[in-house]
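Colleague: Could you take me through one part of this model in some detail? I would like to look at the space inside it and at what surrounds that space.

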Amino acid sequence: MKLAKIAALVGVAVLSIGPAAAYPDRPVTIVVPFPAGGATDTTARLMGGKMQELLGQPVVIDNKPGATGAVGATGVAQAKPDGYTLMVASIGTYAVNPFLQKGLKYDPQKDFDLITVAVRTPNVLVANPNFPVNSVGELVEYMKKNPGKVSFASSGSGSSDHLTAALFMQRTGTNGVHIPYKGGAPAIADLIGGHVNVSFQNLGAIINHVKAGKLKALAVSSEARVPLMPDLPTLGEAGFKEVVVYSWQGAAAPKGLPADVRAKVNEAAVGALNSPDVKTKFNELGFEVVANSNEEFAKFLGDELARWKQVIADGNITAE
Amino acid sequence: MDFSNVEIGLATAFSAWNILYCLIGVFLGTAIGVLPGLGPVATISMLLPITFGLEPETALIMLAGIYYGAQYGGSTTAILVNLPGESASVVTAIDGYQLARKGQAGKALATAAIGSFVAGTIATLLIALFAPPLADMALEFGPPEYFSLIVLGLVASVVLAHGSLLHAFGMIGVGLLLGLVGIDVNSGASRYTFEFPQLTDGINFVVVAMGLFGIGEIIANLDRSSERTLLAKKITDLMPSLADLREMFGPVMRGTALGSLLGILPGGGAMLSSFASYALEKKLSNRPQDFGHGALAGVAGPESANNAGAQTSFIPMLTLGIPSNPVMALMIGALIVHGIQPGPSVMNEQPALFWGVIISMWIGNVMLLVLNLPLIGLWVKMVSLPYNLLYPTILVFCSIGVFSLNNAEFDIYLMALFGALGYLLRKFDCEPAPLLLGFILGPMMEEYLRRTLLLSAGDPAVFVTRPISLAMLVVAALLLATVFAPFIVKKREEAFQE
């Protein structure tokens, strides 16, 4: 009995000396700083489900919503960097909050070990079917003739679709009225009802409405055309090459993961994202799997932060 | 209408497997609805991963069951212990709790259950017959119409107060202010958040309601030492009499109509329906003075409206993919994981899902009635538990429920704060119901007002040039006039006497 106790203690001691060898030896938690059921949550669950198989330990999703992910992300930034607390968060949490939230308690570049960009999805420029424009060119022309008259619905101040619209207007030299909503759904509802004119919305959120003729799609903000809507031109084709925008989700961990744990987490995350069944599912939902390296994510985040800082400054989009 | 699809739906809904999941759903829903603080959003969030392994229609049938089951259960707590777990049961609590205090808790519960069943049945039929055209009609409702609707709701709800009118207005004002907390939708500016990131999305309704009603009531009762407010009288009728049934027929029918109509509006119509129904019943009643002191119509009408609204709020989700509340948004999330993007095509491409869910709702409503009526006796006994057992239990469940909203302990502290406020308000003889009304409707009213003005370039004329909006504002003005007319008439009478 006593011997067993000592053996157990020694075991614990050995484990705590060399945690990397054993990682993971208990369940891994992925914090999702958004409510269950949204895009970020879906990403984490699809990825986490597969990571569970690859890591051989349960992966638990913990939703800690609030302040575009700031509440959950602050918690993760302060968690122990042992690989048992991970996070899947959105473009807003990583690349927009620093410019819009006063007193933000985390720094996306300094407080996290970035793992990988998980998935991305472009925004589609959609209009009410009765709105008298049928292409991006016509929209720009219409907006120039009617400055400040075209209404742009967004899923909220500082959301990816709001910023896409801001970038679009800055690059095309036009201006419209920004009409923010609490989330994408009410914005799409008013767009279908004809109470607002146009909006940039995530591909997955509008594809069925476009197919049913309730909305008309003018262009997509991706680099190349998207497989789900092959007839839809990109904004680049329409002459606005700078307006390539994705709404994305990325995985990260608290700063200071041991190198081998970090490698293992990245391997599992990337492996999960690239596994054929997970990939197919993401594609059906309108997401494109990215699955890259720690360094690639870090470079990408730097670019995104620089770009949105500029757009927010130029567009006078400030919180106060 | 294509009846072959309805047949597929019938086959789906009546398959043993789906009936089982429907039962699990409504049972779970009732259970969490009865427990104070625990709501369908938290429950569905927790169960979401389980549904990934089910067929999509089975998953949705169960989740829908949880949702409307919770509506049933929620009224039980509102009536028995004056704890409304969601906005709709705030109204039920007003007269339901008074009935319970008179020893007629059984009658109130049965009224709620029967009213909900009738409303659920009629609303389900409505969905089956008219879902697509109704959904298109709902989209005609733009920001100005919503604004006017909320104005009408707010004016009508002044009748919620049965004490001092001044206190009621004051409480609505405090509620409006509390509703401002968080990020302003239009400008993105933080208001009254004091740099607490937990406050940026605003204060959750459940936190306010549990604090003001639950905790506040508990503190107030400790004050009164051993005197019992609950069950001061013996339980008299467990079931409504034939006369009661006749009395509730009108309110149930009117509540169902009101709830079905308002429920279709995705921008918060369902929330208004129980308030509106209460106001309507009080206006139509020949004993309006009974309202607030245990009027059966004050339970029957709002409960029917609430349940009808809960059912018809599935219309915008099923036909357009537009969720009208957080629960619906979660259900859409569940469907998306199954690779189904809810939208106009679902009805034709997924007839088993669309019709299966609709028909299962009626099955679920039958189950709820069968489940709830025999339980009434048990619930009523629960209230006769000694306070030193009942209160700690309520406290624990309130805390669990509030924690589960965002998995954050912050919300529990906030609830404690509102508990203290609730106690103070009781001392000042101020009722919490108008406060909650202001809290719910205030932010919506602001959002729609500012959106309308943004779209009209600042021109308020749209409110009176759009017919639906104008009509509602006229009704609101008339109502306001009837509220103040007695004062004016009385003053004149006094003048004549002198």
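How many nonpolar, polar and charged residues does the lining of the largest cavity have?

Modeller: Happy to, and please keep in mind that this is a predicted model. Sorted by class, the lining of the largest cavity has six nonpolar, four polar and one charged residues. The residues that line the largest cavity are B:Tyr72, B:Ser75, B:Thr76, B:Leu109, B:Ala112, B:Ala113, B:Ser116, B:Glu303, B:Asn372, B:Ile376 and B:Trp379. The volume of this largest cavity is about 100 Å³, and the structure holds three cavities of 30 Å³ or more.

Let's see where that lining comes from. Helix 4, helix 6 and helix 16 (351-383) of chain B each contribute at least two residues to the lining of the largest cavity. Helix 6 of chain B provides the largest share, four residues.

Now for two of those helices and how they pack. Helix 4 of chain B spans residues 56-81 and helix 6 of chain B spans residues 105-139; their axes come within 10 Å and cross at roughly 155 degrees. Because the angle is over 145 degrees, helix 4 of chain B is roughly antiparallel to helix 6 of chain B. The crossing of helix 4 and helix 6 of chain B is right-handed. On the helix 4 side of chain B, the contact is made by B:Tyr72, B:Thr76, B:Ile79 and B:Leu80. Helix 6 of chain B brings B:Ala105, B:Ala108, B:Leu109, B:Ala112, B:Ala113, B:Ser116 and B:Phe117 to this contact. By class, the residues of the contact between helix 4 and helix 6 of chain B are nine nonpolar, two polar and no charged.

If you set the two lists side by side, you will find some names in both. B:Tyr72 and B:Thr76 of helix 4 belong to the helix contact and also line the largest cavity. From helix 6, B:Leu109, B:Ala112, B:Ala113 and B:Ser116 take part in the contact and line the largest cavity as well.

About 70 Å³ of space lies in the second largest cavity. Eleven residues line the second largest cavity, and the closest to its centre are B:Val81, B:Glu217, B:Ile218, B:Tyr391 and B:Ile394. Helix 9 (205-223) and helix 17 (387-406) of chain B each give at least two residues to that lining, with helix 9 of chain B giving the most, four residues. By class, the lining of the second largest cavity has nine nonpolar, one polar and one charged residues.

Definitions and conventions: Residues are numbered from 1 along each chain as its sequence is written. Chains are lettered from A and ligands numbered from 1 in the order in which they are written. This is a predicted model: local features need pLDDT of at least 70, side-chain atom pairs count only at pLDDT 80 or more; totals for chains, interfaces and linings use all residues. Side-chain values use heavy atoms; hydrogens and water are left out. Axes are lines fitted to C-alpha atoms, for helices over the stretch in contact, and angles run from 0 to 180 degrees between N-to-C directions. Angles under 35 degrees count as roughly parallel, over 145 as roughly antiparallel, 65 to 115 as roughly perpendicular and the rest as oblique. A crossing is left-handed if the near helix is turned anticlockwise from the far one by less than a right angle, and right-handed if clockwise. Contact means heavy atoms within 4.5 Å. Ala, Val, Leu, Ile, Met, Phe, Trp, Tyr, Cys and Pro count as nonpolar, Asp, Glu, Lys and Arg as charged, and the others, Gly among them, as polar. On a 1 Å grid over the protein atoms alone, a cavity is a set of points where a 1.4 Å probe fits but cannot get out, and a pocket is an open set with protein on both sides within 12 Å along at least five of seven lines; lining residues have an atom within 4 Å of a point. Grid points are joined across faces, edges and corners, and a volume is the space filled by probe spheres set on the points.
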